[in-house]
Amino acid sequence: MIKRIRFATRPGSLRTQDFPLLWRSAVGAAAEAPAEVRPLRIAVCTTAPNIGELRPRHDGVGIEWFRDAGQLAQYERWLTTAGGRAVAAGVTAVGGDPVVCADEAVLRGADWLSGRWHQGGVKLKHMALAVRAPSLTAADFADRWRGHAGTAPGPTPVAATIIPDHVRGLAYVQNHPLTEERPYDAVNEVWFDDPAGLRARVEWFRDNDIGAGDATFAQSWFLAVREEIVYSR
C-alpha cells in the first residue's frame with residue numbers, strides 16, 4: 001500500500017481545544033474526491049491527551065491510503081482542480097504541512113491490523129519520525145532501518161537496546177518515503193488498545209533515552225496520538 005502522510009502543527013491563532021475537531025474535518029474532506037482517485041482509507045491522528053511530550057513536534061497527522069503510486073498520482077492531480085484546491089486549502093489552514101508519500105511495510109501484527117481496519121473506530125499509536133545520518137544515502141538508510149527493529153517473536157532490538165515485550169505494541173509498520181525530497185526519512189507506527197500500554201512505551205523510550213546516540217539517525221522525534229478512521233471503502 002502507498003500512504004500519503006500529512007503532519008500538522010497547530011497555528012498560534014487556533015485554540016488547543018478547537019484543533020482536533022477542525023483537523024478531523026479538514027483531513028476527512030478528502031473523502032469528497034471522485035471515486036476513482038479517492039483514498040481507500042483516511043485516518044486522522046491528534047495528540048493523545050496526557051501522554052507523551054508536553055510540546056510534541058506535531059499536533060496532528062492525516063493519513064491517506066492508495067492502491068499504488070498511480071492512484072496517488074491521480075489524487076494529487078485532482079488536488080490541483082477547483083475541488084481539490086479547496087480540500088488542500090482547508091488542511092493548510094489548520095496547520096497541515098509537511099507531507100510524506102511512502103511505501104507501507106507491515107513488519108509485525110498484520111492480522112491485528114487487518115482486524116483494526118475492518119472494525120474502524122479509534123486506537124492509540126506511538127509514532128517515530130527521523131532524519132537519516134548525513135553519511136548515509138537514502139538507499140543505505142532504508143536497508144539499515146529495515147533491520148533496525150526485529151520482527152520475530154520475543155524482545156525487539158533497537159540498536160543496542162532491547163525493547164521488552166510489554167511495550168512492543170500490537171503491530172509495527174515502517175513507512176519508507178518514495179521521493180528524494182522528504183521532511184523525514186523514516187516514519188514508523190506502533191499500535192495499542194489502551195492508554196496504559198501507550199503510556200508504558202512512551203515512558204520506557206524516555207527512561208532509556210531511545211534515539212540518542214544512534215548513528216543511523218541525525219535526529220528523531222516521537223508522537224503519542226489518538227488515531228480515528230474517518231473513511232474506509
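**Buried charges and the barrel**

Modeller: Glu-227 is buried, with a relative accessible area of 0%. This is a predicted model.

Biologist: How far apart are the closest N and O atoms in the salt bridge of Glu-227 with Arg-116?

Modeller: The pair links distant parts of the chain, with Glu-227 in strand E10 and Arg-116 in helix H4 (residues 110–119), 111 residues apart. Arg-116 is buried, with a relative accessible area of 1%. The closest N and O atoms of this salt bridge are separated by 3.0 Å.

Biologist: Is Arg-132 buried or partly exposed?

Modeller: The side chain of Arg-132 meets that of Asp-185 in a salt bridge, 2.6 Å from N to O. Asp-185 lies in the loop between strand E8 (172–177) and E9, and Arg-132 in strand E5, so the pair ties together parts that are 53 residues apart in sequence. Asp-185 counts as buried at 7% relative accessibility. Buried means under 20%, and Arg-132, with a relative accessible area of 23%, is partly exposed.

Biologist: Which residues do salt bridges that share partners join into one network?

Modeller: The count of salt bridges comes to 14. The network formed through shared partners consists of Lys-3, Glu-104, Arg-116, Lys-125, Glu-189 and Glu-227.

Biologist: In what order do the strands of the closed barrel run?

Modeller: The barrel has eight strands, with antiparallel pairing. Within it, E5 pairs with E10 over eleven bridges and with E9 over seven bridges. The order is E1-E3-E2-E10-E5-E9-E8-E4.

Biologist: What is the average twist from one strand to the next?

Modeller: The value belongs to the closed barrel of eight strands. From one strand to the next, the twist averages 30°.

Biologist: Which residue in E10 stands opposite Leu-129?

Modeller: E5 and E10 are antiparallel and share eleven bridges. On the E9 side, Ala-128 stands opposite Asn-188. In E10, the residue opposite Leu-129 is Trp-221.

Biologist: How many of the eleven residues of E5 are buried?

Modeller: Helix H6 (residues 195–207) packs on the sheet and touches strand E5 (122–132), strand E9 (186–192) and strand E10 (217–232). E5 is mostly covered, and its buried residues number eight.

Biologist: At about what angle to E1 does helix H2 run?

Modeller: Helix H2 (residues 69–78) lies across strand E1 (2–8), E3 and strand E4 (96–108). Helix H6 makes about 20° with the direction of E5. For H2 and E1, the angle is about 45°.

Note on methods. Residues numbered from 1 in each chain as written. Predicted model: local features only at pLDDT ≥ 70, side-chain atom pairs only at ≥ 80, totals over all residues. Heavy atoms only, no water. Pairing = 2+ DSSP bridges. Helix = DSSP H or I, 4+ residues; strand = E, 2+ residues; numbered from the N terminus. Axes fitted to C-alpha atoms, helices over the stretch in contact; angles between N-to-C directions. Contact = heavy atoms within 4.5 Å. Buried < 20%, exposed > 50% of the residue type's maximum accessible area, 1.4 Å probe, protein only. Salt bridge = Lys/Arg side-chain N within 4 Å of Asp/Glu carboxyl O.
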